[in-house]
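Here is a short briefing to read with the model open beside you. Pick a topic, find the residues on screen and follow along.

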Amino acid sequence: MKTIMAKSFQELSSKKQFNWTTKVSNEEHQQEVAEEDPCLKASSNTNNNTEDGKTDNIKLSSLKPPQLSNSKSCSLNTIHEDKTQDKKSIQESETSASSSVSTRRKAVVAKLKSVLASLGRNRGNFQQGLGTKVVGTLFGRKHGHVHFAFQKDPNSQPAFLVELATPISGLVHEMSSGLVRIALECDKTDEKKSTRLLDEPLWRTYCNGKKCGFASTRECGAKEKQILKAVEPISMGAGVLPGNDECDSEDVMYMRAKFERVMGSRDSEAFYMMNPDSDGVAELSIYLLRV
């Protein structure tokens with residue numbers, strides 16, 4: 001029994017020694033090969049020791065970040081370039097929009113200035129503000145035609161100025177005989193619905209029922225302004241103004257009075273001369289009709 005146990009103990013010890021020797025020999029062989037090939041050394045170290053494997057994995061992982069950092073830097077550069085391009089495009093659009101707005105404003109201001117200038121030139125021809133009491137002036141040279149001017153005030157521009165084909169000498173003769181009724185007629189058309197009656201350019205003239213040619217609306221020129229300025233202090237009366245111009249040395253006959261303006265409709269107006277000495281009867285009446 002003892003002999004069997006001793007024999008088995010010897011066999012076990014011999015097996016352990018053999019295994020140890022083989023293990024040592026394997027490690028020595030791997031070390032020699034690793035010296036020749038560093039890659040196998042790294043692989044042998046990873047197989048034999050887990051801690052060494054972890055460190056090798058860390059080393060290998062540390063080799064990867066430079067590639068990732070390069071890609072990230074490239075993407076950041078592209079994003080930065082895109083942002084700068086967007087900013088430039090936004091600035092260009094803002095500058096173009098501001099320039100377009102400034103040009104539009106300049107155009108609008110220019111139009112407003114032109115409209116205001118035209119209104120200033122033609123403000124005397126507007127009917128706006130012409131009340132029921134107006135100042136009427138009849139004037140003309142001795143061998144010339146009759147002019148009628150109606151003003152809101154004695155010092156204002158005439159709202160209506162018309163030249164008749166009738167000579168002033170014939171009108172003075174008619175007035176000396178009695179009452180005078182002058183009718184100015186123009187044609188009514190669909191195109192003239194928006195036109196004011198005082199803006200009609202051409203009229204047919206009737207004096208006490210007799211046809212006396214045509215009358216035309218005129219703008220107040222330098223000569224007309226000079227005559228109206230000369231009679232501005234006169235509220236009512238008649239007289240003669242001496243001719244001051246060498247070309248027109250002829251005297252100017254005038255009659256000035258206040259008129260009552262009556263509007264019947266859009267197509268009819270009447271002006272009655274107000275004379276306190278005529279017992280309420282107008283010596284001179286002017287009718288504007290659109291028929």
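Of the 291 residues of the protein, 24% count as buried, where buried means under 20% relative accessible area, exposed means over 50% and partly exposed lies in between, with a 1.4 Å probe and protein chains only. This is a predicted model, in which local features need pLDDT of at least 70 and side-chain atom pairs count only at pLDDT 80 or more, while totals for chains, interfaces and linings use all residues. Residues are numbered from 1 along each chain as its sequence is written, and side-chain values use heavy atoms, with hydrogens and water left out.

**Overall make-up**

- The secondary structure comes to six helices and 10 strands; these are DSSP runs numbered from the N terminus, with helices being H or I of at least four residues and strands being E of at least two.
- Among contacts with a separation of 6 or more, 50% are between residues 24 or more positions apart; a contact means heavy atoms within 4.5 Å.

- A cavity here is a set of points, on a 1 Å grid over the protein atoms alone, where a 1.4 Å probe fits but cannot get out; lining residues have an atom within 4 Å of a point.
- The lining of the largest cavity is made up of Val146, Leu164, Thr166, Leu171, Ile182, Thr205 and Cys207.
- Strands β3 (158–167) and β5 (202–207) each contribute at least two residues to that lining.
- By type, the lining has five nonpolar residues, two polar and no charged; Ala, Val, Leu, Ile, Met, Phe, Trp, Tyr, Cys and Pro count as nonpolar, Asp, Glu, Lys and Arg as charged, and the others, Gly among them, as polar.
- Thr166, one of the lining residues, sits in strand β3 and is buried at 14% relative accessibility.
- Leaving out residues up to four places away in sequence, Thr166 touches Gly144, His145, Val146, Leu171 and Cys212.
- Thr166 and Lys211 are 45 residues apart in sequence, and their C-alpha atoms are 10.0 Å apart.

**Helix α6 and what follows**

- In helix α6 (residues 222–230), the buried residues are Glu224, Ile227 and Leu228.
- Viewed down the axis of α6, these buried residues fall within an arc of 95 degrees, so they line one face of the helix; the arc is taken from the directions from the helix axis to the C-beta atoms.
- As background, an α-helix has 3.6 residues a turn, so residues three or four places apart point the same way.
- Ala222 and Lys229 are exposed on the other side of α6.
- The cover over the buried residues of α6 includes β1 (133–141), β2 (145–151), β3, β7 (237–241) and β8 (252–265).
- Ile234 lies in the loop between α6 and β7 and is partly exposed, with a relative accessible area of 25%.
- Not counting residues up to four places away in sequence, Ile234 touches Tyr254 and Arg256.
- Leu241 is in strand β7 and is buried, at 17% relative accessible area.
- Beyond its neighbours within four places in sequence, Leu241 is in contact with Ile227, Ala230, Val231, Asp251, Val252 and Tyr254.

**A positive phi at Asn208**

- Asn208 has a positive phi of about 55 degrees although it is not a glycine.
- For context, most residues other than glycine have a negative phi.
- Asn208 lies in the loop between β5 and β6 (210–217) and is partly exposed at 33% relative accessibility.

- Ser268 is in strand β9 (residues 268–274) and counts as buried at 18% relative accessibility.
- The side chains of Ser268 and Ser265 make a polar contact at 3.1 Å.
- A polar contact is a pair of N or O atoms within 3.5 Å; within protein, one must be able to donate a hydrogen and the other to accept it, and residues adjacent in sequence count only if both atoms are side-chain atoms.
- Arg290, in strand β10 (residues 284–290), is buried with a relative accessible area of 4%.
- The Arg290 side chain makes a polar contact with the side chain of Asp267 (2.8 Å), and a polar atom of the Arg290 side chain lies 3.3 Å from the backbone oxygen of Arg266.

Terms used: On a 1 Å grid over the protein atoms alone, a cavity is a set of points where a 1.4 Å probe fits but cannot get out, and a pocket is an open set with protein on both sides within 12 Å along at least five of seven lines; lining residues have an atom within 4 Å of a point.
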